[in-house]
Amino acid sequence: METEKEEKVHKVFEKISPEYDRMNSLISFKLHVHWRKQTMDLMRVKQGAKVLDVCCGTADWTILSAQEVGSDGHVTGLDFSHNMLQIGADKVEKSGLTNIELLQGNAMELPFPDNSFDYVTIGFGLRNVPDYLQVLSEMHRVLKPGGQAVCLDTSQPNVPVWRPFFNTYFRYIMPLFGKIFAKSYDEYSWLQESTRHFPGMGALSDLFYEAGFSYVRYISHSGGASATHFGYKKVAEDEI
């Protein structure tokens, strides 16, 4: 049964889906494109790899990963919002890529066997799930030994002088943008709350370790406006 947060998030994304891409660029001043590219450069995705993009939304990261793995690789994008996936499907079709599959599903219970993917990504989605640790644990479960999990999301500013401006922007300006440009004040007001309460970089790193990942590291983007976390699934000694 869906929790109250799951129901709320589902309604939010079903409603804002038509303006989601435009609002993402507006709210982040298009920095999300740079953050994702920087993350992809550090991931060094291999040709022929099998990738899962959790909370794929409108499939931006899914498409980038599909370009990296090439025709011998495969990327699965999963999201629980039908409307977001419809927009993603249109973008996939326009891209001409044939190595992508989009599925509707729940990040809390990933519908895949253990040890299925070489890479598992989640972009700007973890902060909206009911249980961060549960989703990270599921990502760890479906990742192959030696595989890499990557989370790109908003964070808490690590530059003291920047923190009050960041908090003011997300608390007051972002919902106003939502009202003016997307006619969705309540939805963007709720999204700023999920951003405000999301763990900082160190705390999220601890959750990665708690979920079973090894060699966890993270990088900060734009003074802590966002961060990328990287973790690996340890290879058992008898598999070495």
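Nine helices and seven strands make up the secondary structure of the protein. The model is a predicted one. The protein has 240 residues, and 51% of them count as buried. Two cavities of 30 Å³ or more are counted.

**Contacts and surface**

- Among contacts in the protein with a separation of 6 or more, 75% are between residues 24 or more positions apart.
- The protein has an accessible surface of about 11,600 Å². Carbon and sulfur atoms hold 54% of that surface.

**The largest cavity**

- The largest cavity holds about 370 Å³ of space.
- Its lining is formed by 31 residues, and those closest to the centre of the cavity are Cys55, Cys56, Gly57, Asp79 and Gly125.
- Helices α1 (4-16), α2 (20-28), α3 (31-43) and α4 (60-69) each give at least two residues to the lining of the largest cavity.
- Strands β1 (50-54) and β2 (74-79) also give at least two residues each to the lining of the largest cavity.
- Sorted by class, the lining of the largest cavity consists of 16 nonpolar, nine polar and six charged residues.

**The second largest cavity**

- The second largest cavity holds about 30 Å³ of space.
- Residues lining the second largest cavity include Asp153, Thr154 and Ser155. Phe198, Pro199, Gly200, Met201 and Leu204 are also among the lining residues, as are Ala227 and His229.
- At least two lining residues of the second largest cavity come from each of β5 (143-154), α9 (201-210) and β7 (226-232).
- Sorted by class, the lining of the second largest cavity consists of five nonpolar, four polar and one charged residues.

- Phe124 is a residue other than glycine, and its phi is positive, near 55°.
- Phe124 sits in the loop between β4 (117-123) and α6 (132-142).
- Phe124 counts as buried because its relative accessible area is 12%, and buried means under 20%.
- Ser222 is not a glycine either, and its phi is positive at about 50°.
- Ser222 sits in the loop between β6 (214-221) and β7.
- Ser222 has a relative accessibility of 37%, so Ser222 counts as partly exposed, the class between under 20% and over 50%.

Terms used:
Residues are numbered from 1 along each chain as its sequence is written. This is a predicted model: local features need pLDDT of at least 70, side-chain atom pairs count only at pLDDT 80 or more; totals for chains, interfaces and linings use all residues. Side-chain values use heavy atoms; hydrogens and water are left out. Helices (H or I, at least four residues) and strands (E, at least two) are DSSP runs, numbered from the N terminus. Buried means under 20% relative accessible area, exposed over 50%, partly exposed in between (1.4 Å probe, protein chains only). Contact means heavy atoms within 4.5 Å. Accessible areas come from the Shrake-Rupley method with a 1.4 Å probe; for residues, only the protein chains shown count as cover. On a 1 Å grid over the protein atoms alone, a cavity is a set of points where a 1.4 Å probe fits but cannot get out, and a pocket is an open set with protein on both sides within 12 Å along at least five of seven lines; lining residues have an atom within 4 Å of a point. Grid points are joined across faces, edges and corners, and a volume is the space filled by probe spheres set on the points. Ala, Val, Leu, Ile, Met, Phe, Trp, Tyr, Cys and Pro count as nonpolar, Asp, Glu, Lys and Arg as charged, and the others, Gly among them, as polar.
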